[in-house]
Amino acid sequence: MTAPAQTAPGRDPGLRGRRTPLLVLVGVAVVAFGVSAAICYGTGFGNWVLVLVMGLILYLVGSFFAINRYEGRRAARDRTWGALIHSAFVLALLPLVSVVWTLISKGTERLDLNFFSTSMNNIGARDPDGGAVHAIIGTLEQVAIAAAITVPLGVLAAVYIVEYGRGRFTLAIRFFVDVMTGIPSIVAGLFVLAFWVLIVTPWFNNGQPAFSGFAAALALSVLMLPTIVRSTEEMLRLVPAPLREGAYALGVPKWKTIVRVVIPTALPGIITGIMLSIARAAGETAPVLLVAGGSDAVNINPFENNQTSLSLFVFQQAGDASRFAPARAWTAALTLVALVLILTIAAKLLAGRNRLRR
Amino acid sequence: MVLVIIVAITAFLVAEAVPALQADDANFLTETEWFPNQTPPEFGIAALAWGTLVTSVIALVVAVPVALGIALYLSHYAPRRIATTFGFVIDLLAAVPSVVFGLWGFTVFIEPVRSFSVWLNKYFGWIPLFGGDGPFGRSFMLGGLVLAIMVLPIITALSREVFRQTPTANEEAALSLGATRWEMIRTAVLPYGRPGVIASVMLGLGRALGETIALALTLGFINEITVNIIQNGGNSIAANIANGFGEAGEIGRGALIASGLVLFAITLVVNMAARAIIYRRREFTESAA
């Protein structure tokens, strides 16, 4: 170990002074990848992926010692960790790129008018056609009903927590709202199955459990509620207190202050939160699978008979043995992702224009 | 109201699960097989719980170091433009539905994982983890890696927020004492962010434990307790519910609901622990993904 020349205690000229020559680092890289390639191809131990991985590791070790030699141990640690952090970033990009590329290349295969104008009714294993119009209708209806249930409830709950809530009880509610955001979607589906489909619906369905799009909407509501409460609550907290105090000073009652001053001010943020939770609900598969039952034909009525949704359609086509099914699955996946991303991006843009900042 | 929902979930799940549990001919907690529709019905969650645990552990082992690396990169290394762009991309990635990752996992990702498994088996087969003689592909490893990709954005987004909220004064103090960038991160950023990072990892764990559809598409559906992670097989509580629901009868349904109750209890505990850490330290008030 060659320690860098010390001029004064606490000052390390190695950090600001000498730099490792670029040529040395290039040399280390060449040697590292050369050795790695020689080992892999020489022994038949692996393929080019292993060459890259092993080369990278050898390079990191080699460059550590090279920098250690020229600049000292602290600089070597610094640069090696920096390189590791950079490679983590690159590593994470690979699957992302792969997902997007597959989605686009395979998803556009069946991206035609037929896909958006037919259902899977009377489509056999040998038919190349078939579309997802029934699934699109299902997704839109279920998400719309779920939003109609949760938006008023969620916003009111948030108003209560922020404007009226005091003490331990409110703290407990906030805590459990947070915990509820982590409930697995399949458990929400099971809950609606146990409560609505198996216990409530037999009363008005001649004793038979009834699957329906409405049940799926209920399950999605259970998932959406906590996220809407949380985001609305945060936005309401950002409304400046002087606005409220100004209204009170003018003699405006509390409820009117909330309706006419607080909520309009926070509205863009509230809508952003609602759109994000809708986007998340639209992509949920498990609850729809459990309580809507799935269907091949168009069913416009969400209160009666089975329905399907885009995500459930993807899941079912993915498990279908027909050789035309994968193309349908990918196109439906592309449609679903497009729907979700449009909602998400719109929500983020809206949030960017929001004047209330954290 | 929210409390009512949580209590109602528990109550109704219990109500539906009890008849099935009473009909169960085996010990629900230790039995590995899942035959609720035969007479007498025999089923237990031991193998399912094992699969849930193994896939989640694989996911976290892979995802946590990478996610922390990305979070540090975005908060302390990347130029501002790249940081905002990729922060946005990571948020979008968190919004992609799980069924899409599942579809990608079992059509595209399975190929590299299979060849990697074959390679591991050839040279490291003497380790029980990588033993067996195939077929490979739809294994704990595939499921776990797909899960890793799915929890990555969550852990990254949350820990990035934590790292970013390190007081600038602390960072500048470290730098002014002559620390290198890495020393600054180690002495100022990481200790400050530790509770937040632990909480974000636990939230990621909660997501991994409850993930259904991606695992329903990538696991091989063999109920067994094995340490082999590359051979076809594996099942998890949530995936078993999704795949077994179609052919379940009265008792089968109750059995699935009972397993869901166990899953609910586990995720509730994990989430409460994570939230408790966050509440105690109040490191960040970001709403969770």
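Modeller: Let us start with residues 210-229 of chain A, a span that is 85% helix and 0% strand, with end C-alpha atoms lying 30 Å apart. Please keep in mind throughout that this is a predicted model.

Biologist: Where does UniProt place the "transmembrane region" annotation in chain A?

Modeller: The UniProt record, an unreviewed entry, gives that annotation to several stretches of chain A, among them 21-39, 183-204, 210-229 and 329-351, and such annotations may be inferred rather than shown by experiment. In the model, residues 21-39 of chain A are 95% helix and 0% strand, and the end C-alpha atoms of this stretch are 28 Å apart.

Biologist: And which residues of chain B carry the feature "transmembrane region"?

Modeller: According to UniProt, again from an unreviewed entry, they are residues 47-74, 86-110, 139-158, 212-231 and 251-274 of chain B. Two of these can be described from the model: residues 86-110 of chain B are 92% helix and 0% strand, with 26 Å between the end C-alpha atoms, while residues 139-158 of chain B are 95% helix and 0% strand, with 29 Å between the end C-alpha atoms.

Biologist: Why is chain A called more spread out than a compact globule?

Modeller: Chain A has 14 helices and 0 strands. Its radius of gyration is 29 Å, whereas the globule rule gives 21 Å for 358 residues, and because the value is well over that figure, chain A is described as more spread out than a compact globule. Along its principal axes, the C-alpha trace of chain A spans about 85 × 75 × 35 Å.

Biologist: How is chain A divided into domains, and how far apart do the C-alpha centres of domain 1 and domain 2 lie?

Modeller: The domain assignment gives domain 1 (13-107) and domain 2 (127-353) of chain A, and the C-alpha centres of these two domains lie 45 Å apart.

Biologist: What makes helix 9 of chain B largely enclosed by the rest of the structure?

Modeller: A residue counts as buried if 20 or more other C-beta atoms lie within 10 Å of its own. In helix 9 (residues 237-244) of chain B, 8 of the 8 residues are buried, so this helix is largely enclosed by the rest of the structure. Among those buried residues are Ile237(B), Asn240(B), Asn243(B) and Gly244(B).

Biologist: How do you know how confident the predictor is, and where is the pLDDT below 50?

Modeller: Chain A averages a pLDDT of 80, and 92% of its residues score at least 70, but over residues 1-11 of chain A the pLDDT is below 50. Chain B also averages 80, with 93% of its residues scoring at least 70, although residues 283-289 of chain B have a pLDDT below 50. For the complex, the predictor gives an ipTM of 0.79 and a pTM of 0.81.

Terms used. Residues numbered from 1 in each chain as written. Chains lettered and ligands numbered in written order. Predicted model: local features only at pLDDT ≥ 70, side-chain atom pairs only at ≥ 80, totals over all residues. pLDDT = per-residue confidence, 0-100. Contact = placed C-beta atoms within 7 Å. Helix = DSSP H or I, 4+ residues; strand = E, 2+ residues; numbered from the N terminus. Buried ≥ 20, exposed ≤ 12 C-beta atoms within 10 Å, placed from the backbone. Domains from an automatic or database assignment. Rg over C-alpha atoms; globule rule 2.2 N^0.38 Å.
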